[in-house]
Amino acid sequence: MTNESRCSQCILPTSLPSVTLDDKGACALCGDYSGRQAEHAVAGQDKLKEFEALVERARSLRRPYDCLIPLSGGKDSTYALYLCDRIYGLKCLGVTFDNGFLSPHAVSNIRNAVRSTRADHMMITLNRPTMLKLYRLFLEKTGTFCPACLRGIGLALNVAQRYKIPLTVSGTGWQVTYLAGIPEVYQEGSVDYFRSVIKGEPIEKEVSPLLQDVSSWNLDRVFRIAARALRRPRLARSLYVRLYDHFDPDYERIYETIKREMGWTAGDEANAEHLDCELHGIAGYLHNLKFPDLTGHTIHRAGLVRMGKLGRDEALSQDLEERARLSPPAALEAFLKELGMTREEFLSYTADWKRIAPFRSRKKHPIRSLYHKLTKQ
């Protein structure tokens, strides 16, 4: 792979069908990022004020909990809890979805984070046999397995509705959603997608808790859209906020803060970005099986280059070095054994990225399209 067959600004390879280059050799994702970065720079102070207005609104309602934090044990969710509890003084409920493969390191970080704050904490765990059935089904039908967990995370987020928590703050944002613009490897977590995969399968009834009983596009969602569009947070009963839509992901400062204040540790520094799930290495390995020019970290490194957190030459060097020594993750053999799946079956299911396409909705719901346009998510 030569430099010329990659984006001239980040390191995404053109072997990805969605990566097309302009006359300067830059991919559309880089162009989009630059435009949004300019908008964010202009609106930076307003974005902070918007977040603080949401905080004040949540506090003024005097609910048992002001804020829900999806807490994975990773750096971003830990930092979200730090800001909401220690800086803004919100009464928080941390909620964690345990897929059965939550790493001991993540559990330790979660425990330390909760002990370092006034937050309460809830763990939601689906039984392991059910998760294994879901993983196998998704691999067989779609060539990937992470969406099974994403619906579990969605179930955890529903806690905000059940407890009438006015604000949910997640440790994500437009600057760090690296996969969202790459449909070939994007892991979709919508209810509609999940339902389309399990429809008619024996497990469908067994996993009904992962399916919403009513349409996700209900009156509450309409009021949330209106609250966003009109900048009137009081219109919505509850609001979902992505942290890095309002704050800069200054990782050097974030790491320093959560290590000092929250008892957070990275463990293996090379995998500090995704230390929460023991299966993450396998999920990254799927990128390479579908597109040999990718490693499990290529897309993440490309995102860091766009953000100015990593030089392009260094990112490319790291990626080529990783690809040269790429091998199946150590956890793969044990995972396949639990699934009752041979390596040959696994490879046959995961090679073709188009396997996922039939289960994706070809038409966006008009309200969903409006929501994404207004919130730029």
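Me: Which residue just after helix 7 takes a positive phi?
Reply: G200 does, with a phi of about 80 degrees. Bear in mind that this is a predicted model.

Me: Which residues of helix 7 are called buried, and what makes them so?
Reply: They are V191, Y193, F194, V197 and I198, in a helix that runs over residues 191–198. The label needs a relative accessible area under 20%.

Me: How do you know on which side of helix 7 they lie?
Reply: They cover an arc of only 165 degrees around the axis, so they sit on the same side of helix 7. An α-helix has 3.6 residues a turn, so residues three or four places apart point the same way.

Me: What do the buried residues of helix 7 pack against?
Reply: Two helices: helix 4 (128–142) and helix 5 (146–157). Contact here requires heavy atoms within 4.5 Å.

Me: Why is C27 called buried?
Reply: Its relative accessibility is 4%. The cut-off is under 20%, so C27 counts as buried.

Me: Where does C27 lie, and what does C27 touch?
Reply: C27 is in the segment before helix 1 (28–60). Leaving aside residues up to four places away in sequence, C27 touches C7, C10, L12, V19, T20 and L21. Q9 is 18 residues from C27 in sequence, and the C-alpha to C-alpha distance is 7.7 Å.

Me: How many cavities does a search of the whole structure find, and what makes a space a cavity?
Reply: The search finds three of 30 Å³ or more. In a cavity, a 1.4 Å probe fits but cannot get out. The largest cavity has a volume of about 90 Å³. It has 15 lining residues, and the closest to its centre are T144, E184, V185, Q187 and K290.

Me: Which element gives the largest share of that lining, and how does the lining split by class?
Reply: Helix 10 (residues 280–290) gives the largest share, four residues. By class, the lining of the largest cavity has seven nonpolar, four polar and four charged residues.

Me: What is the picture for the whole protein?
Reply: The secondary structure comes to 15 helices and five strands. Of the 377 residues, 48% are buried. The accessible surface is about 18000 Å², and 53% of that belongs to carbon and sulfur atoms. Among contacts between residues at least 6 apart in sequence, 77% join residues at least 24 apart.

Conventions. Residues are numbered from 1 along each chain as its sequence is written. This is a predicted model: local features need pLDDT of at least 70, side-chain atom pairs count only at pLDDT 80 or more; totals for chains, interfaces and linings use all residues. Side-chain values use heavy atoms; hydrogens and water are left out. Buried means under 20% relative accessible area, exposed over 50%, partly exposed in between (1.4 Å probe, protein chains only). The arc is that of the directions from the helix axis to the C-beta atoms. Accessible areas come from the Shrake-Rupley method with a 1.4 Å probe; for residues, only the protein chains shown count as cover. On a 1 Å grid over the protein atoms alone, a cavity is a set of points where a 1.4 Å probe fits but cannot get out, and a pocket is an open set with protein on both sides within 12 Å along at least five of seven lines; lining residues have an atom within 4 Å of a point. Grid points are joined across faces, edges and corners, and a volume is the space filled by probe spheres set on the points. Ala, Val, Leu, Ile, Met, Phe, Trp, Tyr, Cys and Pro count as nonpolar, Asp, Glu, Lys and Arg as charged, and the others, Gly among them, as polar.
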